[in-house]
Amino acid sequence: MIKAENITKRYQRREGPVLALDGVSMEIAEGEFVSIMGPSGCGKSTLLLTLGCLIRPTEGKVWLDGRSVYDLNHEEAAALRLKTIGFVFQTFNLVPYLTALENVQLPLYLSGLPPARQRTRAEELLDQVGLGDRLSHKPSELSVGQQQRVALARTLANEPRLILADEPTGNLDPALAEEMLDHLEGLHQEGVTVVMVTHDPLLAARAERQLRLVEGRVSATEAVTTR
Amino acid sequence: MTTFRLVLRELRERKSQLVTSFVAIALGITVIVAVRTMSHFSEKAVAQELDNLGANVLILPKGATVTNYYTADFGEYVMPESYIDDITTSQLQGVDNLSPKLTEAISLNGQRVYLTGILPKNEFKSKPAWQTADGIFARPEGCGTVVPGAVAKALGGSAQGGGSAAGARQVVVQELGGAEVMIGNDVASRFGLKVGSTLPIKGESFTVKSVLPSTGTVDDTRVFAHLHTVQRLFGRGQVVNAIEMIGCCKEISKGLIDGLNRLLPEAKVVTIKQIAQTQLSTNTMMERFSVIFLVIILLVGAVSIANYMLANVYERRKEIGTLLALGATRRRISSVFFMKSGLLGLVGGLAGYGLGTILAVGLGPRIAGVPVLPLPALAGWATLLAVAVSIIASALPVAKAARLDPAEILREG
């Protein structure tokens, strides 16, 4: 599903150029659950955002379903993110002035669904994550765990085939982290491709395949783990 | 969820931050609407006053002076009546009405009275005080309206009668025949004359067809006959000794007088400058006042909105980044912010119109000394202006929002 070929990303900082990715090549098959592990600052998030059509690499190419994503124009790349990719953010990134229902409606609104159908679909999703009775609550009125579930419902609204999760358990206590992992594994079992960035080896071990990133390079690829 | 709902939800949530921009644009529009409303009615009042004064340009024979005109003592100074035709058939703009006159002194019961020959319809058109309430002699509205048809008709002296009171009045003045006169109010009371009375002039008997309403001017002490009758009585031929003209003030300043001087080199053209300049200076002052205010206020409003929108974009970086990651296009992000600023302009414009109108109606009589009423047409302009300023001021912040790099924002966490 995803193929990255020799991707390099350099940033210009005041203190000088920074090499975030250094010739990373990888392939992720449809339906795979892959974790990308590494210490803080090793380029994990940059790699994830590069795979998600959000960071143009300085060199190299990324293909998604056979299409070179950085050869797409802005509108096409936005459409690809809207229809195919779902992001899970560490800090949930819920819009603070919208209710749980409205937050879940956002991707549906962006894809042009009529408001009534947006509402029905968002209600279904929130019901599925156990928040059917919290539709009109704003993020500040929800617990961390509930916010995480709203964010997950929003990620799944347009039924993405690829989930890119950036430290999805970083802000969660062990119980909630376990709940999040269960959700990701459930999606994987349904055939969704999951790429998860984490610095936690125990969490990374839950994936089918682990990639280790050190100083912008894939230093090791571990075989499919048994779960 | 719709773009409008998204905008409304954000506006509702962050009301306090909005207040400064809203107040800036609303106050700006308030001042503009108040000044425009007051100046509109002030200009109207000045125009009305000028209207009541009658002519503002005099065309006199070359050697005559304004004193000759005011004393009605022209001596031998005359000029051809054909000057009227010359003016009406010329390309000059801004001539509203022409009233030719030939004034001669006569003796009435041993007292000296002035007999003025007029073309009745033209005279009534230039004298609002003479006009009847039914408005049959109402002057054309607006400046620069040349009415050669009316002049030509009056010159021809033909008219139709009618059965109504208005019709009767029209008959009197348009059919002011060879043996008929109209008399000023003072003349009527001094000599005990009324409609139907007869009075002898130069050995001929004339019937009083009408007693003119009091005007408080020298007209009250005159006797008016048809111009051609006076010319015949005094053996003057087709001449006049004054042409009173109503010229549009703006056209006067744009060269109407020069045009008249070129057209009639043997005549003297005199503007009643103070009258004309009163209106001109008032209008100019109001216009400049409005323009200066408009520019300053719009700038203040625009800067305030631009500042607010920039802060808003910065504050919502994470939200913009999230929306872009979710698949929003830059156009969608722009539309959200433009709708917000447009809405701000719309509400600010309407509020400004309301406040400005209240201010103008309340303060107008004290400041401008004229009664002021709401001008509904300004509501549309005020709103459009506010929306346009708001949207233009937001252009830069919106472009900034649309160009934000989602990856950079998302990495900030």
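The following questions and answers concern a predicted model of two chains, A and B.

Reader: Which strand of chain A is joined to strand S1 (residues 2-13), and over how many bridges?
Author: Strand S1 of chain A runs antiparallel to its partner. One position in this pairing sets A:Ile2 opposite A:Leu64. The partner is S4(A), residues 59-64, and the number of bridges is 5.

Reader: Which residue takes a positive phi in the hairpin of S4(A) and S5(A)?
Author: S4(A) and strand S5 (residues 67-68) of chain A run antiparallel and are joined by 2 bridges. In this pairing A:Trp63 stands opposite A:Ser68. The hairpin has 2 residues between the strands, and the residue with a positive phi, near 50°, is A:Asp65.

Reader: Against which helix of chain B do the buried residues of H2(A) pack?
Author: Helix H2 (residues 74-84) of chain A has buried residues at A:Ala77, A:Ala78, A:Arg81, A:Leu82 and A:Thr84. An α-helix has 3.6 residues a turn, so residues three or four places apart point the same way. Within chain A, the buried residues of H2(A) pack against S4, strand S6 (85-88), helix H3 (100-110) and strand S7 (162-166). From chain B, the helix they pack against is H12 (317-326).

Reader: Which element supplies the largest share of the side of chain B that touches chain A?
Author: The contact takes 26 residues from chain A and 20 residues from chain B. On the side of chain B, at least two residues each come from helix H1 (3-13), H12, helix H13 (330-367) and helix H15 (406-412). The largest share, 5 residues, comes from H12(B).

Reader: How many residues on the side of chain B that touches chain A are charged?
Author: Sorted by class, this side of chain B includes 7 nonpolar and 5 polar residues. The number of charged residues is 8.

Reader: What percentage of the contacts in chain B with a separation of 6 or more is accounted for by residues 24 or more positions apart?
Author: Chain B contains 15 helices and 11 strands. Of its 413 residues, 41% are buried. Among contacts with a separation of 6 or more, the share from residues 24 or more positions apart is 82%.

Reader: Which strands stand at the edges of the open sheet in chain B?
Author: The sheet has 9 strands with mixed pairing, in the order S6-S7-S5-S8-S4-S3-S10-S1-S11. From one strand to the next, the twist averages 35°. Each edge strand has a single partner, so one side of it is left without a neighbour in the sheet. These strands are S6 (198-201) and S11 (267-271) of chain B.

Reader: What is the bridge partner of B:Ile59 in S10(B)?
Author: In chain B, strand S1 (residues 57-61) pairs with strand S10 (residues 242-247) over 3 bridges, in the antiparallel sense. Within S10(B), the partner of B:Ile59 is B:Ile243.

Reader: Where in the hairpin of S3(B) and S4(B) does a residue take a positive phi?
Author: Strand S3 (residues 95-108) and strand S4 (residues 111-118) of chain B run antiparallel and are joined by 8 bridges. B:Ala105 has B:Tyr114 as its bridge partner in S4(B). There are 2 residues between the strands of this hairpin, and the positive phi, near 50°, is taken by B:Asn109.

Reader: Do S4(B) and S8(B) run parallel or antiparallel?
Author: Strand S8 of chain B spans residues 222-226 and is joined to S4(B) by 5 bridges. In S8(B), the residue opposite B:Leu115 is B:Val223. The two strands run parallel.

Key
Residues numbered from 1 in each chain as written. Chains lettered and ligands numbered in written order. Predicted model: local features only at pLDDT ≥ 70, side-chain atom pairs only at ≥ 80, totals over all residues. Pairing = 2+ DSSP bridges. Helix = DSSP H or I, 4+ residues; strand = E, 2+ residues; numbered from the N terminus. Buried ≥ 20, exposed ≤ 12 C-beta atoms within 10 Å, placed from the backbone. Contact = placed C-beta atoms within 7 Å. Nonpolar A, V, L, I, M, F, W, Y, C, P; charged D, E, K, R; others polar. Axes fitted to C-alpha atoms, helices over the stretch in contact; angles between N-to-C directions.
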